[in-house]
Amino acid sequence: MASSICAAMSAAFLVAAASPGLAQTQWPNQRAGDFLIKDFRFASGETIAELKLHYVTLGTEKRNAAGEIVNGVVLLHGTSGSGTDWLRPSLADELFKPGQPLDASKYFIVLPTAIGRGGSSKPSDGLRAKFPHYRYHDIVTAEHRLVTEHLNVRHLRLVLGSSMGGMHSWMWGYMFPDLMDGVVPIASQPIQVSGKNWYQRRLAIEAIKHDPDWNGGNYTKNPTNYAYTAVAGFVQTENIIQIQKMAPTQAAADELYFRQVEEAKKRDANDVLWGIEAVMDYDPAPHLLKIKAKLLAINFGDDGTNAPELGTLEEGIKKIKNARYVIVPGTSETHGHFTHLRAAFWKQHLAKFMNELEER
């Protein structure tokens, strides 16, 4: 069932899901850059003269005799976010500090921003409806080139992603099986997007395409009518106790709804639509036997999109030689699918996994 696009449709959802506190503005050797790929060919056959991938790196590089980096960690972000999502306090402070599972003094950490998001190439940059209809395979292929060609990373200790990034992690595992020691997909499923997840996405797709201002994607003014339904994914994805805390009265619920609608209106409709449809080629199930790396899947007991009772995670794990999964129990403090943005709830499992990789 994988991660929910509707749940991350607007920036308001990420704000609601974020932990309070100020972000550390600079981590060791933190740098940002852009990787430009000339004449990039998408799986559909479409091409673009120049594809830009924005990225951030931090941490400590370790190189072999040939000058290639051998201690890389790639972290993959969720649907409507960017690589810098990993710098929010609820993630970075729990993962990158000394003694934490991804201690920046031990690893070279790469935070790519996927096609269609943030500072990477996307429809709203100018091509609008003429922007290639990219899919997850294109995102993973481009990010692999960023890591191996541009950054000269020879070996990865870990590929970890959450939500959309979790889905991409499964794909990294079978597309490049000899590149990494470990793979950790979080808040995702190793099957084609279907059932409730696809139903939510179809709702979002049709809301945009039937917005009277969309005009086949060739609009001059950004469509906003679809935003009134786009925010519905939030209540499908957040922990019900947390929603009650946010909206204990009708007035509070109204305020929350209309605030999220206004945030959703700020997002470019084509960027959102292309991002939703990108999942159409995601189906790792037939390829799971190709995964050689040690794998740990982490899901959440109160994640309605990746509900444990579906049983699809267990079935997928059985196909992988060296894999296991953890279901983090839902509590009054967890946030459903959005728990992936709070490493405090799952980092102990990652820490154990990293120790096992170091022992190997």
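Which residues have the most contacts inside the largest nonpolar core? They are I115, Y136, L156, W170 and W172, in a core of 63 residues. A nonpolar core is a set of buried Ala, Val, Leu, Ile, Met, Phe, Trp, Tyr and Cys residues joined through side-chain atoms within 4.5 Å; buried means under 20% relative accessible area, with a 1.4 Å probe and protein chains only. The model is predicted: local features need pLDDT of at least 70 and side-chain atom pairs count only at pLDDT 80 or more, whereas totals for chains, interfaces and linings use all residues. Residues are numbered from 1 along each chain as its sequence is written, and side-chain values use heavy atoms, with hydrogens and water left out.

**Nonpolar cores**

- Apart from the core of 63 residues lies another core, of 39 residues, among them A247, F300, V328 and W346.
- Y136, listed above for its contacts in the largest core, touches M164, M167, H168, M171, R201, A278, V279, D281 and Y282, not counting residues up to four places away in sequence; contact means heavy atoms within 4.5 Å.

- Strand β3 covers residues 72-76, and five of the five are buried, so the strand is largely enclosed by the rest of the structure. Strands are DSSP runs of E with at least two residues, and helices are runs of H or I with at least four, numbered from the N terminus.
- G72, V74 and L76 point one way from β3, V73 and L75 point the other way, and all are buried.
- β3 pairs with β4 in the parallel sense over three bridges, and G72 stands opposite F108 in β4. Pairing requires that DSSP finds at least two bridges between two strands.
- With strand β5 (residues 156-162), β3 pairs in the parallel sense over five bridges; here L76 stands opposite G161.
- A right-handed β-α-β unit is made by β3, α2 and β4: with the strands pointing away from the viewer, the path from the first strand over the helix to the second runs clockwise.

**Helix α10**

- Nine of the nine residues of helix α10 (residues 269-277) are buried, so the helix is largely enclosed by the rest of the structure.
- The buried residues of α10, including W274 and E277, pack against α5 (195-209).
- At the start of α10, a side-chain oxygen of D268 reaches to within 3.1 Å of the backbone nitrogen of N270.

**Aromatic pairs**

- The structure holds seven aromatic pairs, defined by ring centres of Phe, Tyr and Trp (its six-membered ring) within 6.5 Å; planes under 30 degrees apart count as stacked, over 60 as edge-to-face and the rest as tilted.
- The rings of W27 and F96 have centres 5.6 Å apart and planes at 90°, so this pair is edge-to-face.
- The pair links distant parts of the chain, 69 residues apart: W27 is in the loop between α1 (11-17) and β1 (31-41), and F96 is in the loop between α2 (89-95) and β4 (108-112).
- W27 counts as buried at 4% relative accessibility, and F96 is buried with a relative accessible area of 1%.

**Individual buried residues**

- P185 lies in strand β6 (residues 180-186) and counts as buried at 0% relative accessibility.
- Beyond four places in sequence, P185 touches G161, G166, S169, W170, L295, L296, A297 and I298.
- Q260, in helix α9 (residues 250-265), counts as buried at 3% relative accessibility.
- Q260 and F234 are 26 residues apart in sequence and 9.2 Å apart in space, C-alpha to C-alpha.

Technical notes. Buried < 20%, exposed > 50% of the residue type's maximum accessible area, 1.4 Å probe, protein only. Polar contact = N/O pair within 3.5 Å; in protein donor to acceptor, adjacent residues only side chain to side chain.
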